[in-house]
Amino acid sequence: MDYDMLVIGSGPSGRRAAVQSAKLGKSVLVVDRGRRLGGVSVHTGTIPSKTLRETVLNLSGWRERGFYGRGYRVKQDISIGDLVDRLHKTLDHEVEVLQHQFMRNAVKSARATAKFLGSNKISLTADNGDYSEVGFANALIAVGTRPHRPRDVPFDKVRVFDSDEMLELDRLPRTLTVIGAGVIGVEYATIFSALDVPVTLVEPRNTILDFVDREIVDDFIHQMRDRGMTIRLGSTVKEIVSKPDYAEVTLADGRTIRSEVVLYAAGRSGNLGSLGLDVVGIDADSRGRIKVDPQTFQTAVPNIYATGDVIGFPSLASTSMEQGRVAACHAFGVQLPPPPETFPYGIYAVPEISTVGQSEEQVRESGAAYEVGVARFRETSRGHIMGVNTGFLKLLFSVETRRLLGAHIVGEGATELIHIGQAVINLGGTVDFFVNNTFNYPTLAEAYKIAGLDAWNRMGQG
């Protein structure tokens, strides 16, 4: 059978492209080799790590420690079972919603491994060996990524784990070393730290999260160190050895770190192995990423698109969904307005980080005159009520146009609060919006008013 749109992978971008194509009245087949629909996002990535984070924050009483002290806990003995129970409930629900969405929109799905036979034909091989061939007018590669696993790292799921395997721990580690301080590394490191597990975070570069405003990152690092995490920046790993009772990490400077478990979270690679891209003439880089047209998401073959993590930065579920929708619309000739220049980043560490627009470093580089407004969450009544004594909001304004250029938050609720800044930036709003508008009281969102006034007092009236 032939399909108008063949989607390989059922993660955020594949799912959105499939449903968008179906809404345009097209025939759609989604192929995924996983046991269940949902892709990496649902089963090992976004949803599991965020569920784990929420469970940890609830059971540990982390959010209330500002009031009751660092020794406070809601549940005294938290087991891995407590974390996994909620995880499975959430994943089951996500898969159910996805299956129903496909059913409602007449999207067909197949569990099989896909391989290109040409630019309009693909073979499907099921686990039981069943083989079939399918024709397509357009195809979308949305196969996602898997953890990068260097040969010299002794992954054994006993002492040394990758980020996918961390969800299969049989008990909480007494000590943890995390190698790689990217988004995944800092999320897991801080989640386990919130469970009072002593954590060492190792990163070969001298800086972390380079796409985030430096002042936000500095505050984040300070908060991690303040609660007892050990952070080793500029430390290259020379060797990892798995021993019967512990894992030993040797750094290039000769220092060693012993811990019960090591999480190796240094990068990810595209899941392209079995696709046979050479048959159609699509190349990938050394990390298995495909180059696409940034506006249309077409590969070197015009009727074959690629979206999501497999095309690289920013590798966010939110942007991947939008890429899938844009690719499907382009494939079927639907004209879309150009997307807004800014979109938010969310890092679900403890505390959360979220950012939209330009960082102070970028504004400074542009040479434009600017002013900064800052509000600390402890200055808000809501912050006091919640027991929040850390975290802040930082706004950057153009002196010339008074427009908001960037909004940056570290602290409780950052990933929700950022959308106010996003709306104001994309609608061309100025510092006067924050000064002249009334915010609900008491809320953390009121920090926007405080930060707006902070900048306005220095900028004066326009």
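User: Which hand does the crossing of helix 3 and helix 5 have?
Analyst: In this predicted model, helix 3 passes helix 5 in a right-handed crossing.

User: Thanks! And what angle do helix 3 and helix 5 pack at?
Analyst: About 135 degrees, with the axes 9 Å apart. Helix 5 covers residues 80–104. The two helices are therefore oblique to each other.

User: Which residues make that contact?
Analyst: From helix 3 you have Ile-47, Pro-48, Thr-51, Leu-52, Glu-54, Thr-55, Val-56, Asn-58 and Leu-59. Helix 5 brings in Asp-82, Leu-83, Arg-86, Leu-87, Thr-90, Leu-91 and Glu-94. By type, the contact of helix 3 with helix 5 has eight nonpolar, four polar and four charged residues.

User: Let's zoom in on Thr-55. Is it buried or exposed?
Analyst: Thr-55, which sits in helix 3, counts as buried because its relative accessibility is 3%, and the cut-off for buried is under 20%. Setting aside residues up to four places away in sequence, Thr-55 touches Asp-82, Leu-83 and Arg-86.

User: How does helix 3 sit against helix 6?
Analyst: Helix 3 (residues 46–60) and helix 6 (residues 183–194) pack at about 20 degrees, and their axes are 9 Å apart. That makes helix 3 roughly parallel to helix 6. Their crossing is left-handed.

User: Which residues are involved there?
Analyst: Helix 3 contributes Ser-49, Lys-50, Leu-52, Arg-53, Val-56 and Ser-60, while helix 6 contributes Glu-187, Tyr-188, Ile-191 and Ala-194. The residues in the contact of helix 3 with helix 6 split into five nonpolar, two polar and three charged.

User: What about phi at Phe-297 and Ser-315?
Analyst: Neither is a glycine, yet phi is positive: about 70 degrees for Phe-297 and about 55 degrees for Ser-315. Phe-297 is in the loop between helix 8 (277–280) and strand 17 (304–306), and Ser-315 is in the loop between strand 17 and helix 9 (317–331). Phe-297 is buried, with a relative accessible area of 10%, whereas Ser-315 counts as partly exposed at 35%.

User: Where is His-408, and what is it in contact with?
Analyst: His-408 lies in strand 22 (residues 404–410) and is buried, with a relative accessible area of 1%. Beyond its neighbours within four places in sequence, its contacts include Asp-213, Ile-216, Ser-354, Phe-392 and Lys-394.

User: Last one: what can you tell me about Gly-452?
Analyst: Gly-452 is in helix 14 (residues 447–459) and counts as buried at 0% relative accessibility. Leaving aside neighbours within four places in sequence, Gly-452 is in contact with Leu-395, Val-431, Phe-434 and Val-435.

Technical notes
Residues numbered from 1 in each chain as written. Predicted model: local features only at pLDDT ≥ 70, side-chain atom pairs only at ≥ 80, totals over all residues. Heavy atoms only, no water. Axes fitted to C-alpha atoms, helices over the stretch in contact; angles between N-to-C directions. Helix = DSSP H or I, 4+ residues; strand = E, 2+ residues; numbered from the N terminus. Parallel < 35°, antiparallel > 145°, perpendicular 65-115°, else oblique. Left-handed = near helix turned anticlockwise from the far one by under 90°. Contact = heavy atoms within 4.5 Å. Nonpolar A, V, L, I, M, F, W, Y, C, P; charged D, E, K, R; others polar. Buried < 20%, exposed > 50% of the residue type's maximum accessible area, 1.4 Å probe, protein only.
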